[in-house]
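Here's a quick briefing to read with the model open in your viewer.

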Amino acid sequence: MPRYAVTGASGHFGRRVVEELVDRGVRGTDIVAIARTTGKAADLATRGVQLRPGDYSRPETLPPALMGVERLLLISGSELGQRVPQHTAVIEAAKDAGVQRILYTSIVKADTSTNPIAGEHRGTETALRMSAVPYTLLRNSWYTENYTERLEQYLETGEILGAAGSGRVSAAPRSDFAAAAVAALLADDEGNVVYELGGPAFSFEELAATISEVTGKTVGYRNLPPTDYLSVLQRIGLDEATAEFVVAIDASIAAGDLETDSKDLAQLLDHPATPLADAIRAALDR
Ligand SMILES: NC(=O)c1ccc[n+]([C@@H]2O[C@H](COP(=O)([O-])OP(=O)(O)OC[C@H]3O[C@@H](n4cnc5c(N)ncnc54)[C@H](OP(=O)(O)O)[C@@H]3O)[C@@H](O)[C@H]2O)c1
């Protein structure tokens, strides 16, 4: 009987979790990698892991995917607007399959966050509560990759544009959050557990200063009023809804919604989260 199942195994986070479980000595036969696009995760099977198809939007795929599983890591999907019914379908199928614990990748401060994606995480957390299956909430802050993937652009223009004011983000590399998920998956917890997960917080001004320090090229942060930022985003080609979404994210950062002083991430990792400068250096080396 497999002990651990990970959904979204074809994505960056899920793949990382499955690989780390194997690296930490969990037998491949104890791991189920569930993927909508199994072809993207086919190599995981070569490590002895069971690969099973599972699509959050096709409920009939879920019972065979979850058969015999004890602990499930439900990784939030990427189709905004559809995620509450999708995740609820997985939770219901997991309950029916006798899964004993569901771990879910939520968002930091999910209860109160004004982040435009927080509503779907709250909706999923409610579905988990209603299911009565014991759960672990992995309330992740932003991936550092949200910024390091734009390094080239920042260096080219010499600036980071935004409307987040002096709001700070407790970001950490995706790999840190994935390692924390592995630790939580392997832990013999009882009852419901909530982790608020984030690395050392930085403002956009501090992000710009760290990029300048690491690269030797000056990058500054230009803070704009939200309406001006909206116009800039539309001028560079974003449609109105997407531009409003990006501005709303910055408003939530300004409100402190992605900042946490919780030590949960470092505790799960058993070492401090990766410092911003190291994440920038690693991105430059890739
Ligand atoms: N905290 C942050 O800063 C941050 C940033 C980005 C994303 N996220 C969230 O964290 C999740 C994992 O991150 P990631 O880096 O691994 O993202 P990713 O590489 O884009 O992977 C998303 C995964 O979700 C799967 N998925 C989407 N819709 C699905 C469905 N209907 N049924 C089954 N699987 C479905 C995708 O499957 P396919 O391969 O078939 O498409 C893929 O495996 C994301 O999905 C998103 O919810 C958080």
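A pocket here comes from a 1 Å grid over the protein atoms alone: it is an open set of points with protein on both sides within 12 Å along at least five of seven lines, where a 1.4 Å probe fits, and its lining residues have an atom within 4 Å of a point. This is a predicted model, so local features need pLDDT of at least 70 and side-chain atom pairs count only at pLDDT 80 or more, while totals for chains, interfaces and linings use all residues. Residues are numbered from 1 along each chain as its sequence is written, and side-chain values use heavy atoms, with hydrogens and water left out.

**The second largest pocket**

- Which residues lie nearest the centre of the second largest pocket? They are R16, E145, R174, S175 and R286, out of 14 lining residues.
- The space in this second largest pocket comes to about 310 Å³, where a volume is the space filled by probe spheres set on the grid points, joined across faces, edges and corners.
- Two or more lining residues come from each of α1 (12–23), α6 (145–148), α8 (174–186) and α13 (276–285). Helices are DSSP runs of H or I with at least four residues, strands are runs of E with at least two, and both are numbered from the N terminus.
- The top contributor to the lining is α1, with four residues.
- By type, the lining splits into seven charged, four polar and three nonpolar residues.
- E145 sits in helix α6 and is buried at 12% relative accessible area. Buried means under 20%, exposed over 50%, and partly exposed in between, using a 1.4 Å probe and protein chains only.
- Beyond residues up to four places away in sequence, E145 touches A172, P173 and R174; contact means heavy atoms within 4.5 Å.

- L73, in strand β4 (residues 71–74), has a relative accessible area of 0%, so it counts as buried.
- What does L73 touch, not counting residues up to four places away in sequence? Its partners are A5, V6, T7, F13, V17, L103, T105, L138, A181 and L185.
- Between the C-alpha atoms of L73 and E125 there are 14 Å, with 52 residues separating the two along the chain.
- R139 belongs to strand β6 (residues 135–140) and is buried too, at 3%.
- The side chain of R139 makes a polar contact with the side chain of D111 at 3.0 Å. A polar contact is a pair of N or O atoms within 3.5 Å; within protein, one must be able to donate a hydrogen and the other to accept it, and residues adjacent in sequence count only if both atoms are side-chain atoms.
- Other contacts of R139, leaving aside neighbours within four places in sequence, include K109, E125, R129, Y195 and E196.

**Helix α10, face by face**

- Y229, V232 and L233 are the buried residues of helix α10 (residues 226–235). They span an arc of only 100 degrees around the axis, so they sit on the same side of α10; the arc is that of the directions from the helix axis to the C-beta atoms.
- The general rule behind this: an α-helix has 3.6 residues a turn, so residues three or four places apart point the same way.
- The buried residues pack against β7 (159–162) and α11 (240–254), while T227 and R235 are exposed on the other side of α10.
- Just after α10, G237 takes a positive phi of about 115 degrees.

- Most residues other than glycine have a negative phi.
- K109 has a positive phi of about 55 degrees although it is not a glycine. K109 is in the loop between β5 (101–107) and α5 (118–131) and is partly exposed at 28%.
- A132, also not a glycine, has a positive phi of about 70 degrees. A132 lies in the loop between α5 and β6 and is exposed at 62%.
- T61 is in the loop between β3 (50–53) and α3 (62–66), yet buried at 11% relative accessibility.
- The side chain of T61 reaches the backbone nitrogen of D55 at 2.9 Å.

Definitions and conventions: Nonpolar A, V, L, I, M, F, W, Y, C, P; charged D, E, K, R; others polar.
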